[in-house]
Amino acid sequence: MKPVNQKAWLLVLPVVLCVAFSAVLPLMTVVNYSVQDIISPERRVFVGTEWFAAVMRDEELHGALLRQIGFSLAVLAVEIPLGIALALSMPATGWRSSAVLVIVAISLLIPWNVVGTIWQIYGRTDIGLMGAALAKLGIDYNYTGSATDAWLTVLVMDVWHWTPLVALLCFAGLQAIPDAYYQAARIDGASKFAVFRFIQLPKLRGVLMIAVLLRFMDSFMIYTEPFVLTGGGPGNATTFLSQYLTQKAVGQFDLGPAAAFSLIYFLIILLLCFILYNWMQRVGTASDAEVSHG
Amino acid sequence: MDKRFRKRVFFLALYLVFAILPVYWMINMSFKTNEEILSTFSLWPNDFTLQHYRTIFTDESWYSGYINSLIYVGINTVISLLVALPAAYAFSRYSFLGDKHVFFWLLTNRMTPPAVFLLPFFQLYTTLGMMDTHIAVALAHLLFNVPLAVWILEGFMSGVPREIDETAYIDGYSFPRFFLTIFIPLIKAGVGVAAFFCFMFSWVELLMARTLTSVNAKPIVATMTRTVSASGMDWGVLAAAGVLTIVPGAVVIWFVRHYIAKGFAMGRV
């Protein structure tokens, strides 16, 4: 076990100070705004929980929240299986492995607004490859006009952008499986599927949890890509939570309600994060116990 | 067996095409003239031009965006690593009061939507008189980069046997001397990976960078969001600017390609 040493706090202190400056201080400001009606910098009135009540009743917010949850679930449903499949088919050694890794990872390095720009062009039926190809196939595709098309385009864009993250995590997980496991499976005459189901999948559990956690949280905060691609439209078909908040806070300068909304948003994420983190820990230890007993 | 292998390669190839095509399309567009982009549909530039790149390298409002981005990303990466290194060491080597809680609290910051902090950051940096400076953006980005750096470094440090520390202390090394001359060289790869991820996440972030800057520190990502000129959208320049934003990441990824996958999963596989 690690030795107990309270002086280690001194080493952690700089991080705590940095994060306090960039997270706790701003969060306190948000709390402060959320209970006041700010008419001008000099004139502000204490309103208590009025904004929270108003935000809770906000129909538009409910819409944005539902769209957000639907989107995040769709993202997980597509990216996790696809990422696993991709990791399984990536070559493990040699120059091919390096080349595939670099090509797969490249979409992660593109600034988020450029991702939006790329897809904005790519999906146009007149000048974009995908849009033109779909139009040639006789599909009536128009991501600026049709809500379904816009939503699907944002989803495909996110799959393109973030599946590599899941794939890289799973790839690292697969590489960590000792050869002895595969040898044992070969002696038992296990099928490919059995190897996947009883060796690879359980061993991937740890990294899959991180992948699910990261993808869920990040898709819950998505802002830049849909903002550039569709601007939240048509109508508000692709207006997710972050964008709705930004519209309120920066666009309309409704400080009080925006702050109350921020806090609720933050609490939702914190709650989901806490549940997932604990679940992840429990599943992780449960599987370890299984392995050591079995 | 052979058939299955072929199926696998086919799937991989299909995905790689899916991954590459959008990027190819942007590169393709950046070498076309604006007339060609808007009037004809072509799979490669018929009328090859470097005009858009020339515009970016000669127009100050464009190239200063790249310089501004590189400055604040650099400051951010340095600060993140400097504060994260000792903290990650503490987390990997000792238990202390509230260590698990602090670690979880750090992770929650990684998961806070930047949009929540827009307003207070605006207020905070206005009060401090730091609006539109590189350091403001660098400090704001610490929000998600410091937890990430601590997380990655902790994983790599836990992979170093504790006997090394103990031997060094017995040999009379002080903590700073041991840390700088023995320990950091041992986790070079980890420092590289952490630096890479800090660089990347700060480089790709738009929302905060755009809110905290107006002219002097305006990043390239913000410049790109308004390329609508009198004659409509300047797609060619936009595509060229996009291609140039991929270059730094693509260069760095080549150096850390063996560690990228590990960096994310370190200590958890």
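Hi everyone. Of the 294 residues in chain A, 40% count as buried, where buried means 20 or more other C-beta atoms within 10 Å of the residue's own, exposed means 12 or fewer, partly exposed is in between, and C-beta atoms are placed from the backbone. Before I go on, this is a predicted model, in which local features need pLDDT of at least 70 and side-chain atom pairs count only at pLDDT 80 or more, while totals for chains, interfaces and linings use all residues. Residues are numbered from 1 along each chain as its sequence is written, and chains are lettered from A, with ligands numbered from 1, in the order in which they are written.

Let me stay with chain A for a moment. Chain A has twelve helices and two strands; these are DSSP runs numbered from the N terminus, with helices being H or I of at least four residues and strands being E of at least two. Starting at the N terminus, the order is α-β-β-α-α-α-α-α-α-α-α-α-α-α. The C-alpha trace of chain A spans about 80 × 65 × 30 Å along its principal axes.

Now chain B. Chain B comes to 14 helices and two strands, and buried residues make up 46% of its 269 residues. Its C-alpha atoms fill a box of roughly 75 × 65 × 30 Å along the principal axes.

How do the chains meet? In total, 78 residues of chain B are in contact with 79 residues of chain A, a contact being two residues whose C-beta atoms, placed from the backbone, lie within 7 Å. Helix H1 of chain B, residues 2-30, gives the most to chain B's side, with 15 residues. By class, that side of chain B has 62 nonpolar, ten polar and six charged residues. Here Ala, Val, Leu, Ile, Met, Phe, Trp, Tyr, Cys and Pro count as nonpolar, Asp, Glu, Lys and Arg as charged, and the others, Gly among them, as polar.

Is A:Val30 buried or exposed? A:Val30 counts as buried, because it has 23 C-beta neighbours inside 10 Å. Leaving aside neighbours within four places in sequence, A:Val30 is in contact with A:Ala259, A:Ser262 and A:Leu263, and also with B:Val116, B:Leu119 and B:Pro120.

Next, a helix pair inside chain B. Helix H10 (residues 188-204) and helix H13 (residues 235-255) of chain B pack at an angle of about 165°, with their axes 11 Å apart; axes are lines fitted to C-alpha atoms, for helices over the stretch in contact, and angles run from 0 to 180 degrees between N-to-C directions. That makes H10(B) roughly antiparallel to H13(B), since angles over 145 degrees count as roughly antiparallel, under 35 as roughly parallel, 65 to 115 as roughly perpendicular and the rest as oblique. On the H10(B) side we find B:Phe196, B:Phe199, B:Met200 and B:Trp203, which meet B:Pro248, B:Gly249 and B:Val252 in H13(B). Those contact residues divide into six nonpolar, one polar and no charged. H10(B) is mostly covered, with twelve of its 17 residues buried, including B:Gly190, B:Cys198 and B:Val204.

One last stop: B:Asp132, in the loop between helix H6 (114-127) and helix H7 (134-158) of chain B. Its phi is near 60°, a positive value in a residue other than glycine. Most residues other than glycine have a negative phi. B:Asp132 counts as partly exposed, because it has 16 C-beta neighbours inside 10 Å.
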